[in-house]
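Visitor: I am new to this structure and would like to learn how to read its features one at a time. Could you take me through them slowly?

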Amino acid sequence: MQRRSVSRLEPGMCLAVDVLRNDGVLLLKAGVPLSEQQIQSLDGVVHAVYVRREGFDDVLSRAVVPDETARFDLVRRLEGIYCFLYEKYVERADRGERERIAPPRGAGGGAVEFRDLMQVDQALRHCARSILEDVRDRRYALLSFDLPAPKHNSLYVFEHAVQSAILAARVLENSYREGSFHYVEDRGGHREHREHPFDEKRFEDLLVGILLCEGGMLSIPREVLAVPVFSPEDRAKYLYPHPRVSREMARLLPSLSPLAGAVVANHHERRDGQGYPRGSTDHHPFVDAAILATTFDALVSSRPQRPGMGTAKDDKACHPAEALERLFALAAEGAVHGGILEELARYVVPYPFGTTLVLSNGDVGLVVDCTDRVDPARRQRPLVRCSQNIRTGRREGLWEVDLASRTDLTVQSAIYA
């Protein structure tokens, strides 16, 4: 099994995992050879898919495969929440604001529709509790670090919010079980261990805040979002104000907690004051956790205007390993919370199943096991099944390299789509 971008698919390849349409309905079923017409039907829907590869059919049985139907239910519910809240925000905005922002738009087919703010509030809490129950019971049905789900182009904003919330929940799962959030605070080179009380109410409020973070993106006109890089004028006019719009949308909810409000207002801030919209530096650690979750998911995510995982150059999305490197570089500069980033790094899989790795000895192969259920080192040092060596020219047979035991080898490069 290998992850491939849609642009690199060829007729005759077989899908290893089902592909769903934007409305959650099955588009293409796993196991059927792809035709040229079917490949074209994927273009513009998702950036990448998982395909079968000879000699790698056993890989899928080792991975945790998420329940895409359950995840889609959350995404489409959140789409309806955003559209309802944004419409109410526009109704209350002054004339100047209405002229600046995009007009309200109806939710797409399959999205949940709502009657009033109380119903929206209840639906949002239901989304947060669904995520909480998934991590509390350790079902892990909504998000797999082994096998990340490619985002759908037209649903990016909503999928980004949902997956950021799930990521934060997975990272904070053990803190919830222990009743307090433990992390390390760096004070002038001196590392201090800290903890904050953490219970189900705080957990739910944190998830509600993350789910609401991207509501203000609906205020940005679609023609502006379609451009690969925002111009300085569009950044100032649309991008930098969107957290304020998200905050005002969130304030419409009857049960919004101070924690959820703080997450919405500060999710684009940085500890060095270089974030936006206010340039604030002092945040609650739960807000810092939300900032890191949303930032990581944004770094690794394909978007309609930005190509998918591979390299961060030219504003492309990052591979998970590269995203972690960039975040640790920001932590070293004091931009993000290094102690909480260490917690996030413990749960993220740098090289998920299906990643093509080039090793320092010239071996090239696919990651066939990166789970830590048996060996904790497996997450950072996966099992790689190789099919060629670019130094010796070997191309016969398949051989496995266990990086957990081969400490003399390093990953030279990774290709994820």
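Guide: Let us begin with Thr407, which counts as exposed because its relative accessibility is 64%, where exposed means over 50% relative accessible area, buried under 20%, and partly exposed in between (1.4 Å probe, protein chains only). Thr407 lies in the loop between strand 10 (399-402) and strand 11 (411-415), and in space its C-alpha is 43 Å from that of Leu26, the two being 381 residues apart in sequence. Strands (E, at least two residues) and helices (H or I, at least four) are DSSP runs, numbered from the N terminus.

Visitor: What should I know about the model and its numbering?

Guide: This is a predicted model, in which local features need pLDDT of at least 70 and side-chain atom pairs count only at pLDDT 80 or more, while totals for chains, interfaces and linings use all residues. Residues are numbered from 1 along each chain as its sequence is written, and side-chain values use heavy atoms, with hydrogens and water left out.

Visitor: Is helix 11 largely enclosed or open?

Guide: Helix 11 is largely enclosed by the rest of the structure, because 15 of its 16 residues are buried.

Visitor: How many disulfides does the structure hold?

Guide: A disulfide is a covalent bond between the sulfur atoms of two cysteines. The structure holds zero disulfides, counted as pairs of cysteine sulfur atoms within 2.5 Å. Cys213 is in none, the nearest cysteine sulfur, that of Cys127, being 14 Å away, and Cys213 is buried, with a relative accessible area of 1%. Cys386 is likewise in no disulfide, with the nearest cysteine sulfur, that of Cys370, 15 Å away, and Cys386 is buried at 0% relative accessible area.

Visitor: How many salt bridges does a search of the whole structure find?

Guide: Side chains of opposite charge can pair when their charged atoms come close. The search finds 21 salt bridges, each a side-chain nitrogen of Lys or Arg within 4 Å of a carboxyl oxygen of Asp or Glu. One of them joins Glu91 and Lys88 (3.9 Å, N to O), both in helix 2 (residues 68-92), three residues apart, about one turn of the helix. Another joins Arg202 and Asp199 (3.2 Å, N to O); Arg202 is partly exposed at 32% relative accessible area, and Asp199 is partly exposed at 33%.

Visitor: Which residues are linked in a network of salt bridges?

Guide: The network links Arg125, Arg129, Lys201, Glu204 and Asp205.
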